[in-house]
Amino acid sequence: MTDATIATAPPVKAATPARSAFADIWRQFRAHRGGVAGLVVFVFILLAVYVGPYIHRVAPNAINIRDKNQWPSLAHPFGTDNLGKDMLAQVLAGGRISLAVGVTAMLLALFLGTLVGVLSGYFRRLDGPLMRLTDLFLALPLLPLLLVILMLFRDTLRATFGPETGIFILIVFVIGITSWMHTARIVRGDVLAVKSQEFILAAKSSGMREYRIILKHILPNVLSSIMVSATLGIASAIITESALSFLGLGFPSDFPTWGRLLFDGANFLQLTPSRVLWPGLAISLTVLSVNYMGDAIRDALDPRALKH
Amino acid sequence: MKNLKLLLAGTVAALSFAGSAAHAERGTDGDLKILFWQAVSTMNPYLSGGTKEVYASSMVIEPLARYNEKGELVPMLVTEIPTVENGGVAKDLLSMTWKLKPDVKWSDGTPFTAEDVIFTWKYCIAPDGGCAQAAQYEGVKTVEAPDPHTVKITFDEPKPYPYSAFVGAQSPVIQKKQFENCVGAKAPGCTSANFGPVGTGPFVVKDFKPNDVITLNANTNYRDAAKPAFATVTLKGGGDAASAARAVLETGEYDYAWNMQVEPEVLATMLKAGKGVLVTAFGTQVERINLNHYNADPALGDKRSTKEAGPHPSLSDPAVRRALSLAIDRDIIDEAGYGEAGKPTCNIVPAPEAVASTKNDSWCLKQDLEAANKLLDDAGWAKGPDGIRAKNGVRLSYLYSTSTNSVRQATQELVKAMWAEIGVDAELRNASASVFFGGDPASPDTFQKFYADVEMYTNNFDGTDPEKYLAEWLCDKVPGPENGWQGQNIPRYCNPEYDKLVGELSKTADLDKRHELAKQLNDMLTEEGAHIPLIHRGSVSSHSVTLEGVRMNAWDSELWNVADWSRKK
């Protein structure tokens, strides 16, 4: 896939020096058709989820029992559920939560993964212990761990932050601390490769401090793999949240998320298929588009591709 | 050669016999597949009050008499039902005598005698035993055996309705030989006995996987040589109501599934496949919202929902409890979640007719938001800027828990919306049914622990007499760590007057008077807001069209006549 993309990418001839790095990356990104399609879809979903409620002004939790189990109509473009709640409004509201969980959990995982990866790649003495810690986390079964954490800390967080924020923090935290390991491993590998190159030696011999070497020289060079991890992280966080909601855990039952909508709609698959179709499609499209974007970003940031 | 001929002739004879009278032979109908979406955790109903355990064990261990589908008593291990007329019950109502059937054997081949019956009583009343069915033996002074086939029960006081001990699926007889060393605190430790009790019923446990699957074989020592028709039973647990309904109604993978709490429109779609049918019986099941009378603030840790936590900051106000009930439109809940299988109710004792009160129907059955709002205004609960009422810093915001089930979650949402109209907020929570009803004392999410402000589920009573059921709301039945969370008074309601009235009921002989008292007690619970009754639920189960003999019973175990079930030929 990647090779093919590189091969078909139009060769960039003698880039003018005035062109910024960002423009270069953007041009590379545009060359990846899947990535562009992913970006379009993702932006569309973002817009729909955040701007949509201002256009489709129906409260997601408004119950209207007389209009239950309706198929799509003008008033309810996605139909209604068995309590007469508008499905479009629910999918939009659910998307805000699911995306927020996905992005926040990803950021947390990314931070942890990069930290562990850079430290263990750069400092030899930390390498062993940190990588064993990574192995330990990789070996933990995620779902049972989540259940235990939810049970242990639910009440404390609920008391401190209220039910919705509390569970949001909990879920984001739990997903974050259980999904940084792959990022850490990839980053460590890249740091090891970059560290042995001459420009690092040059920086060291010029008396540059360690943290500046890491920030100025190492990090920019491993950015591409971090970005890829990031996109994959969003997808897996959304899916994990869906799994939790599907199991009836996670957010309260009247708090729509894509996973919860899917869970609630499953029984009604034969009666009103749109209840399952739309949230399911939204999850799939988000995950797919983010993956394609990740693919394109990796290609765009790949220094070898820029050499063309 | 001669022998071979004889053998052949014998085989032919046997085959023709089998062909002509398939129903009249034990074990000819293969495997009966039953699906309980709440998995069974023990086969000893004395250690778990859960309906699923009671039903599952009813295939193995039997009471002396049980109720049929009409609510009438039928003798099981006895020759007849003792009454005052036939001399079985003493004129002074202080004792009764059961005559055991003479030739009943336990599944291990040993004879069933009065000693076993006496032992069962001792087992349940043993101190530290945590017997979940202790209410069945309330008021029993002694159980004696004048001879090996006669059981004489003496009561502390005249017992006008004596059919409680050893009657119904909740009070089966267990074998003395097997449980002799499992009395008192040792009871939960006897795993092999609790998982595979020796019984007199049509089946015996072959393999028991807790919270998963139970396989049973036909009992070779069952008293009716022609029964049961099925050779084995597979009782699978787990899943949810909708998938259980689908497995019977739509795919036909299972023969019988219990408790179809599924939206009516979903069931209607499944029924179109024609693989199974629904059976409904209105018994005494009531879906209710329990209001916690004790403080359930998580800050109290292990003390919450116990006496030490003190009264609930807002639910201890009768005006709040009344308003919460007034705000609910039961018709809408019924329509959305139950359809034909439910009717709105304000009683915790909704049946039989003679004890079903109508006193509170006038104010309680109809939603009255205006009255509810006024009640709260008058009581000083004023709406804050967020629309939620509060008084002295206490907000009317409740954690509302129940088991995970789509009908219950829909009901939760409806109730939340209704309560929002009177300025009461609710936070919804649900726990998997196997956890919520699991009774695990270590789990914080069980309905007995009630670590929530309000919680919703269904309960019922066996038989037709509500005395022991109404005794569940006695002050000393409040669950707590001291009784292993086994008490039945889940709302933690406590009213000395109520206790007194229950005492009076247990002393009253006259049937009309008893009904009157039962109604009074029921009304008291509704009026004082021990809980909010919502829906009188029919028990809905589904069975395959190929299964014959199912007589849906709301008064006893649904599997009460499993010995008579057979496969349609």
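This briefing describes an annotated domain and selected strand pairings in chain B. The model is predicted. A UniProt record, from an unreviewed entry, assigns the feature "domain: Solute-binding protein family" to residues 73–474 of chain B. The strands treated below are β1(B), with its partners β9(B) and β10(B), and the hairpin formed by β7(B) and β8(B).

**Annotated domain**

**Strand β1(B) and its parallel partners**
- Strand β1 of chain B spans residues 31–36 and is mostly covered, with five of its six residues buried.
- Strand β9 of chain B, residues 232–237, runs parallel to β1(B) and is joined to β1(B) by six bridges.
- Within this pairing, B:Lys33 is positioned opposite B:Thr234 of β9(B).
- Strand β10 of chain B, residues 256–257, is also parallel to β1(B), and two bridges connect the pair.
- On the β10(B) side, B:Ala257 is the residue opposite B:Leu35.

**The β7(B)–β8(B) hairpin**
- Strands β7 (residues 203–208) and β8 (residues 213–218) of chain B are antiparallel and share five bridges.
- B:Phe203 has B:Ala218 in β8(B) as its bridge partner.
- Four residues separate β7(B) from β8(B) in the hairpin.
- In the turn, B:Asn211 adopts a positive phi of about 60°.

Technical notes
Residues are numbered from 1 along each chain as its sequence is written. Chains are lettered from A and ligands numbered from 1 in the order in which they are written. This is a predicted model: local features need pLDDT of at least 70, side-chain atom pairs count only at pLDDT 80 or more; totals for chains, interfaces and linings use all residues. UniProt positions are given in the numbering used here, feature names are shortened, and annotations may be inferred rather than shown by experiment. A residue is buried if 20 or more other C-beta atoms lie within 10 Å of its own, exposed if 12 or fewer, and partly exposed in between; C-beta atoms are placed from the backbone. Two strands pair if DSSP finds at least two bridges between them.
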